[in-house]
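I opened the model and went through it one item at a time. My notes follow in the order of looking things up.

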Amino acid sequence: MVYIRATGRCLINVHTANTEGAVGNYMALSKTFIVRRVDGGYEVQEEPVISGNMIKHWHAVATIDILRSWGYNAICDSCRRHVMYRSVLGLNEEYEYLRKCAIEDLHGFLDAAKQIRRESIVKFSFMIPVEEQRSEFSSITHNRVDMKPDGSVGEAMMVMKREHASGIYGFLCSMDLAFAGVSLANPDKMLPEDDRKIRVKAAITALIDILSGHFGAAQARATPIIKTIELICIVSKKPIPNAIHGFYGDYAEETASIMKTAIGRGLVKQDEMRVAAVGRPIDIFKAEGVPVDGVKTASEALAMILEASEWWL
Ligand SMILES: [Zn+2]
């Protein structure tokens, strides 16, 4: 069974992936404070961000669609409808939830009525503008014109304004898929191997959806215009530390150093892990002496990680 770490950077133009509801007819992007290292200290600025919750939701949606397309149906009725309550199943123990639904298994749950919970084994950080460059935003006006039969404009015109942002965004994902189908409360209980394998494969495959911009609000009008310009994707048979978030200017150097240390200290053997990378990180990993497969696109990298993970499933 496998552990996955993915970190990197996406260039995203004109997204409105996360907003904070409307004030009148104005919809503002979700923003929060970002701390950057600058000459002689630190600087704090408020900027548009994309929440980990948003990314995680769409990862769950992609996982469901992939599993169903493969004919796998251990998905509860709510998740099947892409409404991830996680969980209103009202069962008697954690293991029963895993058996019933792949999303309760991979993405965790809290059944508030039963007070039964499971930690998510799929974890996403916020996507935030990178250390070297701010993300800028402005509002775009949308309207609908009510045209009368004589060509004059009626009174039902609706004007609304919605903020959109562009920038280079860092991301980070960690998936401890070794625990797919395994009860965390009672690890002696686990699903049959076939269930566990198909869930792991779907969770990895679903990352391709995320990195191709299938996430966020208002996708019908503003699907993120995205290009994954840098990616480090690691699959390991043994537990490994987290990668460093793509926000930091030196995230690739530090992630390479973490992996070099993990191998050097015997946490994982070289033939028990594989790294696929896109862009600048390829040479950085080579310079650190960590084996890496350089590829051109995120989907190629994830396909390679999926193939490698099959050796250890
Ligand atoms: Zn479910």
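**Entry 1**

I looked up the contacts of Ile4 and found Met175, Leu177, Ile204, Ile234, Val235 and Ile305, leaving out residues up to four places away in sequence. I took two residues as in contact if their C-beta atoms, placed from the backbone, lie within 7 Å. I note that this is a predicted model, in which local features need pLDDT of at least 70, side-chain atom pairs count only at pLDDT 80 or more, and totals for chains, interfaces and linings use all residues. Residues are numbered from 1 along each chain as its sequence is written.

I used helices (H or I, at least four residues) and strands (E, at least two) as DSSP runs, numbered from the N terminus.

**Entry 2: H5 and H9**

I checked how H5 packs on helix H9 (residues 298-311): the angle is about 175° and the axes are 9 Å apart. The axes are lines fitted to C-alpha atoms, for helices over the stretch in contact, with angles from 0 to 180 degrees between N-to-C directions. The two helices are therefore roughly antiparallel, a label for angles over 145 degrees. On the H5 side the contact includes Ile204 and Leu207, and on the H9 side it includes Leu302 and Ile305.

**Entry 3: S2 and S3**

I looked at strand S2 (residues 19-23), where 0 of the 5 residues are buried, so S2 lies largely in the open. Buried means 20 or more other C-beta atoms within 10 Å of the residue's own, exposed 12 or fewer, and partly exposed in between, with C-beta atoms placed from the backbone. S2 runs antiparallel to strand S3 (residues 26-29), with 3 bridges between them; pairing requires at least two DSSP bridges. Val23 is opposite Tyr26 in S3. The hairpin has 2 residues between its strands, and Gly24 there takes a positive phi near 65°.

**Entry 4: Lys237**

I found Lys237 in the loop between strand S12 (225-236) and helix H7 (251-264). Lys237 counts as buried because it has 20 C-beta neighbours inside 10 Å. Leaving out residues up to four places away in sequence, Lys237 touches Val2, Glu272, Met273 and Trp312.

Technical notes: Angles under 35 degrees count as roughly parallel, over 145 as roughly antiparallel, 65 to 115 as roughly perpendicular and the rest as oblique.
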